[in-house]
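The following note concerns helix packing in the structure shown below.

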Amino acid sequence: MATGDNLKINGERLWDSLMQMARIGPGIAGGNNRQTLTDADAEGRALFRKWCESEGLEIGVDRMGTMFAARPGTDPAALPVYVGSHLDTQPTGGKYDGVLGVLGGLEIIRTLNEAGVKTRHPIVVTNWTNEEGTRFAPPMLASGVFAGVHELDWAYALEDAEGKRFGDELARIGWQGEEEVGARRMHAFFELHIEQGPILEAEGVDIGVVTHGQGLRWIEVTVTGKESHTGSTPMPMRLNAGRGLAQITELVHEIAMSRQPDAVGAIGHVDVYPNSRNIIPGRVVFTVDFRSHLIDVLEGMVARFADEAPKLAAGLGLGFESRVVGSFDPPAFDEGCVGAVRRAAEAMGYSHRDIVSGAGHDACWINRVAPTAMVMCPCVDGLSHNEAEEITPDWAEKGANVLFRAVLETAGIAA
């Protein structure tokens, strides 16, 4: 029988699985558009279920649609080790964001089954619903409900841009389970993910050992002016909501730059009304994204924005409204699980460094209810949330091998 020291995942099989999943919900430029609770999402889930069932895994689905594929352990009293991420993508998303973590978890099961190795703790591969939050804000929705951050009924009532409700769409695609959300108890949770930043590639490092995640505040802002003709309205008489957007964009940049080296801020989502070439914008709705792994820095950025942004708008004669539409505090991951990741990288002979996750992940919420850690691999130019997102088969294999060893150490090989 194989032992933990000589087990490795099958990198070619993992890559082939990634490419097969990428055929579902193709984008227009080589990536994916497999947004949550769409028909493409349902098709991706079905393929994942097929693969899991072929490995003898028992599939559970909770009321948020999160999928749990369980391989039993030898100790009936031992809590499961969970591993996974998400299969949904951005509208112009890549082939690896989230998907690597789910299929890397499946590859662990395939490798154990091939080798005939049993673990003391069960292992459960997880696909969390609506991690991206692009169709139904906020992000990490299902893991947030699981961790008690959000209420189920509140999540069900969320609407997309077309007024379709989350709960209705979940039922429509056939993935509304009956299992109570958050009822499962975990021994630990591990998530493999691409870095979504440039540090690992730039430094030539194989593995990021994630010690912390960044906290996040999404602030939706509405700036209101007056629609009028761009040709006939005198410049001094204009109430241009677009000017408010422009000046507040610079304010957000200045606030983040004042909190270097680790804080970030930007405006990513913008809706301009009426969005016509010859009409001065009367209303602009946009979302500010502030992040830091230090809570005092994060709160300081938000406080400064709340103080200065309304004054900027008022100085232009514009109305200003804002509300927080996404929020989580910076998590520090479990030292024991982080140590397992670090030991796994060292045992494999891979270069590694500690890193802070610049993006939000399901692990950030699950960290509230179970010991949690993350493994990161590089991505080309740090590019993500873009159809040009790319990794190499070698990076994927190394990340999955580290994930495998960390999970195996935590789950324990049965005697």
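Predicted model: local features only at pLDDT ≥ 70, side-chain atom pairs only at ≥ 80, totals over all residues.

1. The crossing of H3 and H12 is right-handed. H12 spans residues 393–411, and its axis comes within 9 Å of that of H3, the two crossing at roughly 60 degrees. H3 and H12 are therefore oblique to each other, since an angle under 35 degrees would be needed for roughly parallel and one of 65 to 115 for roughly perpendicular.

2. On the H3 side, this contact is formed by Leu100, Gly104, Gly105, Ile108, Thr111 and Leu112. H12 contributes Ala396, Leu403, Phe404, Val407 and Leu408. Sorted by class, the contact of H3 with H12 comprises eight nonpolar and three polar residues, with no charged residues.

3. H3 (residues 99–115) also packs against H1 (residues 11–22), at an angle of about 135 degrees and with the axes 10 Å apart. That angle makes H1 oblique to H3. H1 passes H3 in a right-handed crossing.

4. From H1, the residues in contact with H3 are Arg13, Leu14, Ser17, Leu18 and Met21. Their partners on H3 are Val99, Leu100, Leu103, Gly104, Glu107, Arg110, Thr111 and Glu114. The contact of H1 with H3 holds six nonpolar, three polar and four charged residues.

5. Which residues of H3 should be read in both contexts? Leu100, Gly104 and Thr111 are listed for the contact with H1 and again for the contact with H12. As to composition, four charged residues belong to the contact of H1 with H3, whereas the contact of H3 with H12 has no charged residues.

How values were computed. Residues numbered from 1 in each chain as written. Heavy atoms only, no water. Axes fitted to C-alpha atoms, helices over the stretch in contact; angles between N-to-C directions. Helix = DSSP H or I, 4+ residues; strand = E, 2+ residues; numbered from the N terminus. Parallel < 35°, antiparallel > 145°, perpendicular 65-115°, else oblique. Left-handed = near helix turned anticlockwise from the far one by under 90°. Contact = heavy atoms within 4.5 Å. Nonpolar A, V, L, I, M, F, W, Y, C, P; charged D, E, K, R; others polar.
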